[in-house]
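Have a look at the structure, try each task, then check your steps against the solution.

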Amino acid sequence: MKEIAIVGFKQSDSVSDAGAVNEVEMIMPVLSSVFQQVGINNAQDVGFVCSGSCDYLQGAAFAFVAGVDALGAVPPIKESHVEMDAAWALYESILKIRMGHAESALIYGFGKSSPGELPIVMSQQLDPYYLAPLWVDSISLAALQARLMLDQGLITERDMAEVVSRSRRNAMNNPHAQLAGDVAPDDVLAEEMYLSPLRKADICPVSDGASAMIIATVDKAKEWGVPYAIISGIDHRIETHNLGMRDLTDSVSTRTAAKRAGMDAGKVEVAELYAPFSHQEIILSRALGLGDETRINPSGGVLAGNLMMASGLSRIGEVFNRIVSGEVQRGIAHATSGPCLQHNLVTVLEKA
Amino acid sequence: MSQPDVLNQAFELGYTYTRSTGPVIGRFLTELRNRNIVGIKASDGRVVVPPMEYDPNTAEELSEFVEVGQQGEVVSFAWVKEPREAHPMDVPFAWAMIKLDGADVPMIHCVAAASEDAIATGARVQVVWADETIGYMTDIRCFELV
């Protein structure tokens, strides 16, 4: 099987309100950055393009098609889209390359969440008969999950506050972060409850932005002559949409995906986990069995800035950056989708 | 030459079709209209409320309906001190996972409570029906503490 490598990645700043900047204007700077990294001109120079976005964020059917304006799609290009985080656009692109239909691919994800009421928009992804009519928002569902863990003694509020504190402190070294600072666990615990048992700090912020990545076969990467990291494994698993039938205190699908992606074949030096709520980082790191030898979310993770439909791809890009900079040799990235970590993707990255 | 009259056509934006909820969800919603709650037996015998069409673990088609109680127990809850405009209540309330009597799997709905202190995991709640039931999830207006 052809080995596939990441050759370029760029994430925009994570901002609370991009103002009048539209989606195409958010996408274009990250695209030109990855083209420049690889030394190519535009989307005509890759074999396949796949994007990830959500029409519900823009409030219009087929809104994602407008994103193609950022590509310059004439003459025609091979292009696809997933109504998911762009981490799944990466997955589709890998399949495309493995099938021999392309040697390289451009992947991008974007989300401008600020114009809407994101937690309520997210309620409409739920079961259309039983849950969507209640307008039960994403934060409330995560709060139900957190209380299950607190009640069962699996975590304490201090454990959650420590996740927030580490995220904010790590984010001080991330120029794209939206929330960063020297925040101590006690500072978090001093905050009042927002949606009990969650404090505002336990919840990722609403963010606008985009990210982009270029992948290629190792042969193509060598031809381009740029530093690259190998994608040695990728897998995704989903759990039932019935929240009552899941064990919300665990993430079975993450564990399965990691196993299938080959996480256990080597040391995990760094893990970027897509945990939009503090308690979910604990669920994920326990499900993956991560210990002291693994640095979790050195970027600050999505508690420091959550680009809907792009943050999953950015987790992978963050690990790529650390490998090509020589900081680590091997790491994993996780992406999630759906309420309370319903659908999970794990990617294993290694030094070339 | 005079301009021809502009052609006009009334247009109402809407779906030109109706959608059937099928034998499982449809049965549940019809029972709600009659102020009853039914669940369904999963492959492992657990009673799931609201009923699912297929077992998420075995993919088996499910069909054995079971009537369950209109009271139950709070398994987890989230206290909404600032309700959003779209939320079903305009005063502080709780979202809860509620295991109805006779069910094995909790369902999610809202619970009316005077304050966060009034509700707790393990609290008993009962259904409050809407004034008019129409075969919709919101026929259950909310749950209230017993």
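The exercises below work on a predicted model.

**Exercise 1.** Work out which domains chain A is assigned and how domain 2 of chain A sits against domain 3 of chain A.

*Solution.* Start with the bounds: the assignment gives chain A domain 1 (4–117 + 206–224), domain 2 (139–200) and domain 3 (229–351). Next, take the C-alpha centres of domains 2 and 3 of chain A, which are 18 Å apart. Then count who touches whom: 24 residues of domain 2 of chain A contact 23 residues of domain 3 of chain A. Finally, get the area: these two domains of chain A bury about 1,900 Å² between them, and 60% of that is on carbon and sulfur atoms.

**Exercise 2.** Find how many salt bridges link domain 2 of chain A to domain 3 of chain A, and name the partners.

*Solution.* The count comes to 1 salt bridge between the two domains of chain A. Now widen the search to polar contacts, and you get 12 residue pairs between domain 2 of chain A and domain 3 of chain A, both residues at pLDDT 80 or more.

**Exercise 3.** Describe the side of domain 2 of chain A that touches domain 3 of chain A, by helix and by residue class.

*Solution.* Helices to begin with: α6 (138–151) and α7 (157–171) of chain A each put at least two residues into this side. Of the contributors, α7(A) gives the most, with 9 residues. Then sort by class, and this side of domain 2 of chain A has 15 nonpolar, 6 polar and 3 charged residues.

Terms used
Residues are numbered from 1 along each chain as its sequence is written. Chains are lettered from A and ligands numbered from 1 in the order in which they are written. This is a predicted model: local features need pLDDT of at least 70, side-chain atom pairs count only at pLDDT 80 or more; totals for chains, interfaces and linings use all residues. Side-chain values use heavy atoms; hydrogens and water are left out. Domain bounds come from an automatic or database domain assignment. Contact means heavy atoms within 4.5 Å. Buried area is the accessible area (1.4 Å probe) that two parts lose on being put together, summed over both. A salt bridge is a side-chain nitrogen of Lys or Arg within 4 Å of a carboxyl oxygen of Asp or Glu. A polar contact is a pair of N or O atoms within 3.5 Å; within protein, one must be able to donate a hydrogen and the other to accept it, and residues adjacent in sequence count only if both atoms are side-chain atoms. Helices (H or I, at least four residues) and strands (E, at least two) are DSSP runs, numbered from the N terminus. Ala, Val, Leu, Ile, Met, Phe, Trp, Tyr, Cys and Pro count as nonpolar, Asp, Glu, Lys and Arg as charged, and the others, Gly among them, as polar.
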